[in-house]
Amino acid sequence: MSGSLRPGPHVWRRAATVVLAAGWPRPGPAAVGSPLPPPPEGFRLLLLERSAHQGFMPGAHVFPGGALDPADRSADWLRLFAPHHGPPRFGLGAVPPRHSAFPVLPDVRPDPGGGAAALPDDVAMRICAIREAFEEAGVLLLRPRGGRPAPGPARAVRPPPDLAAWRARVRGDARHFLQLCAQLDCTPNIWALHDWSQWLTPHLAANSGRRRRRFDTTFFLCCLSEPQPTHPDSAEVVAAKWSSPSEATKSFLSKEIWLAPPQFYELRRLENFVSLSDLHKFCVDRALEGAERWLPITCVAADGLVQLFPGDELYIEDSDFLEKSLSTEKKIEELMREGKKLNRLVIHNSYLYSIHVTVQPKCKHIYPKSSVITRSHL
């Protein structure tokens, strides 16, 4: 195999995403219309359809999220959290360990407002994810000020009557989100967001356009006791739906929705859980483990693409692969036949991925089960 260096201008930005998992009630005898039946996993996830006019992942179905704004880490938040929560940890518990310094990102856009009085990263990233869930879907993951973190899945706050006006203000200036929280006498419910994963935009996925945008995205998971009404903003997001992991996977394979590889991998990972309580307990039990930071490395095979993840025998921890892809004359079938230690996603075409995992997970996490595509699918 060889590495192909493709230099070019790029800007790395930090971002946050929240995977919202909601318990799904069984329809009662008085249910009207055709309510969705209970899903196999006992919970559903909020997926948002991005506008086809967006520059990054147009038309994709994603979890709520977006880029970190300086307002998300502003020292002004300290007054809202006080006097019950404050530096250094704001009640989040011990600092999770940093698992790997790989890769070191060049040219990361600095975060203004990062002085001594500003919020720490893990608080700011949670505020970012919560703000984006409000901007994109109208879901308010807040908690009354002074309240103690309650055990079990969280509850969202009902949005204000003037939702559209507030959302327009926040979209125009993220500092208005703090004003909204103050008016509602609430704080962002940072304690309900659990470290889940961290994904870096891979090399080939960022190749379109002269100025390539790439993201270092922290994924949080939040369990909600019940699904929330959603209000897509009709700008970045044109539709929203609650789907179980298996339902979303089926919709992708039938070309009803399109998923990027990280979202597909996470959906497959979440298929391991049989209930919301099972998922919530898993998040709580591994709260001190933090999240692994993954840079997918793309291997260009003779008949398709393979994304390699840490632990795979072909994965190389070399920061040069921020701007490189592997290439081989071998076909995917040959690569799979030769491989023993696998953590990879095969891209057969835009709507057909397969996952192959034989390695053991780290950090008390869980990996997806292998999902192999048969010849009939191809």
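Where does Pro160 lie? Pro160 sits in the loop between E6 and helix H3 (163–172). Helices here are DSSP runs of H or I with at least four residues, strands are runs of E with at least two, and both are numbered from the N terminus.

Some ground rules. This is a predicted model, where local features need pLDDT of at least 70, side-chain atom pairs count only at pLDDT 80 or more, and totals for chains, interfaces and linings use all residues. Residues are numbered from 1 along each chain as its sequence is written, and side-chain values use heavy atoms, with hydrogens and water left out.

Back to Pro160. Is Pro160 buried or exposed? Its relative accessible area is 9%, so Pro160 is buried. The cut-offs: buried is under 20% relative accessible area, exposed is over 50%, and partly exposed is in between, with a 1.4 Å probe and protein chains only. Leaving out residues up to four places away in sequence, Pro160 touches Leu140, Trp166 and Leu180. Contact means heavy atoms within 4.5 Å. Then there is Leu184. Pro160 and Leu184 are 24 residues apart in sequence, and their C-alpha atoms are 8.4 Å apart in space.

One of those contacts, Trp166, has a charge over its ring. Arg169 lies over the face of Trp166, at 4.5 Å from the ring centre. The rule is NZ of Lys or CZ of Arg within 6 Å of the ring centre and within 35 degrees of the ring normal. Arg44 does likewise with Trp24, at 4.6 Å from the ring centre.

Now the ring pairs. A pair of aromatic rings is described by the distance of the centres and the angle of the planes. How many aromatic pairs does the structure hold? There are 23. Rings of Phe, Tyr and Trp (its six-membered ring) pair if their centres lie within 6.5 Å; planes under 30 degrees apart are stacked, over 60 edge-to-face, and the rest tilted. Take Trp294 and Phe309. Their ring centres are 5.5 Å apart and their planes are at 15°, so this pair is stacked. Trp294 is in strand E11 and Phe309 is in the loop between strand E13 (304–308) and strand E14 (324–327), so the pair ties together parts 15 residues apart in sequence. Both residues are buried. Elsewhere, ring pairs link Trp77, Phe81, Phe90, Phe134, Phe177 and Trp191 into a cluster.

Next, empty space. Rolling a probe the size of a water molecule over the atoms shows where empty space is left. On a 1 Å grid over the protein atoms alone, a cavity is a set of points where a 1.4 Å probe fits but cannot get out; a pocket is an open set with protein on both sides within 12 Å along at least five of seven lines; lining residues have an atom within 4 Å of a point. Points are joined across faces, edges and corners, and volume is the space filled by probe spheres set on them.

The count is 2 cavities of 30 Å³ or more. The largest cavity has a volume of about 60 Å³. Its lining is Trp196, Ser197, Gln198, Trp199, Arg269, Glu292, Trp294 and His365. Strand E8 (residues 194–200) gives the largest share, 4 residues.

The second largest cavity holds about 40 Å³. Among its lining residues are Leu80, Phe81, Ala82, Arg143, Pro144 and Trp191. Helix H1 (77–81) and strand E6 (142–144) are the elements that give two or more residues to this lining. Phe81 and Trp191 also belong to the ring cluster.

What about pockets? The second largest pocket has about 1,000 Å³ of space. It is lined by 36 residues, and Arg98, Ser100, Gln198, Ala291 and Arg293 lie nearest its centre.

Last, the backbone. Most residues other than glycine have a negative phi, and most peptide bonds are trans. Ala82 and Pro83 are joined by a cis peptide bond, with omega about 0°. Pro87 and Pro88 are joined by a cis bond as well, with omega about 5°. Pro83 is in the loop between H1 and H2, and Pro88 is in the loop between H1 and H2.

Asp185 has a positive phi, near 55°. Asp185 is partly exposed, at 43% relative accessible area. Lys255 has a positive phi near 65°, and Lys255 is exposed, at 59%.
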